[in-house]
Amino acid sequence: MNKGFSSGVANRRAGMGSAMDAGSFRELRDHMEAKGIRLSEGLADMDFETVRALTARAERMVELFPGVKEAFRGIDAGEHGADAYAGARLSGIVGLSPENIRSMSQISRDYERDVQRGFHPQGTDAASIMVHEMGHMLEAAMVRRAFPGSTPADERSRSAAWRHGDEAGRVVTRALNRVSPGWQERPREALVQIRGVSAYAAQDASETLAECISDAFSNGRRARPLSRAVWEIVRSELSG
Ligand SMILES: [Zn+2]
């Protein structure tokens, strides 16, 4: 059940040839391009060490969930609301906010404050911003599997499922059934499980899934039961 689910995943380097070995934006871009992941030129204007650390997390997530490549296409620079570090689109792009991501020390400070007030899971760090967004890419990949066609009707179905968080809802429901059987009769139990992950996880099903993935990535077996269940369910669907 816990296959492939070890603690300290976040700190394990991918070995030779990982994104962290890149010495410049150009090297990083070429390295990722070879893996079919495009980095937009706008990222070149952002702090290189920060972009590299975040890109390395995306790379690690692709290794852990190869099926995410069915959705994830690249990273670009763009704004995503006043307070957001980043955003994810069904088209397969994760956007980083130049306004809110200025340096490693700045996002580490800001993110740590978010963890302290319970907004993000304990044990996650600033680079978890990318793990969270990759959680949304996992959902995008599941949406594409649910509606694989290429007709306008299929596209409308994908957009609606993405907007409503249908696939995230399906996964979170299955995870709750595992950790809290019978929770439908005791809805408060579900909320306690979700709020145990983080305050942001309580926003909607998509954020629940993304925060659970971030918690499980950083904390492994010490992550919340709901996070471990979500991780295992998504792994079983998108590990190949
Ligand atoms: Zn999110």
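Among contacts in the chain between residues at least 6 apart in sequence, what percentage join residues at least 24 apart? The share is 62%, where two residues are in contact if their C-beta atoms, placed from the backbone, lie within 7 Å. The structure is a predicted model, in which local features need pLDDT of at least 70 and side-chain atom pairs count only at pLDDT 80 or more, while totals for chains, interfaces and linings use all residues. Residue numbers start from 1 along each chain, as its sequence is written.

Consider the overall build next. The chain holds nine helices and four strands; helices (H or I, at least four residues) and strands (E, at least two) are DSSP runs, numbered from the N terminus. Their order along the sequence is α-β-α-β-β-β-α-α-α-α-α-α-α. The C-alpha trace spans about 55 × 45 × 35 Å along its principal axes. For 240 residues, a compact globule would have a radius of gyration near 18 Å, and the 17 Å of the chain agrees with this. Here the radius of gyration is taken over C-alpha atoms, and the globule rule is 2.2 Å times the number of residues to the power 0.38. Of the 240 residues, 42% count as buried. A residue is buried if 20 or more other C-beta atoms lie within 10 Å of its own, exposed if 12 or fewer, and partly exposed in between.

Helix 4 (residues 128-146) contains H136. H136 is buried because 25 other C-beta atoms lie within 10 Å. Beyond its neighbours within four places in sequence, H136 is in contact with A88, S206 and A210. The C-alpha atoms of H136 and E167 are separated by 10 Å, although the two residues are 31 residues apart along the chain.

Finally, there is a helix pair to look at. The axes of helix 6 (residues 166-179) and helix 9 (residues 225-238) come within 9 Å and cross at roughly 125°; axes are lines fitted to C-alpha atoms over the stretch in contact, with angles from 0 to 180 degrees between N-to-C directions. Helix 6 is therefore oblique to helix 9, since angles under 35 degrees count as roughly parallel, over 145 as roughly antiparallel, 65 to 115 as roughly perpendicular and the rest as oblique. Residues that meet here include V171, V172 and L176 in helix 6, and L226, A229 and I233 in helix 9.
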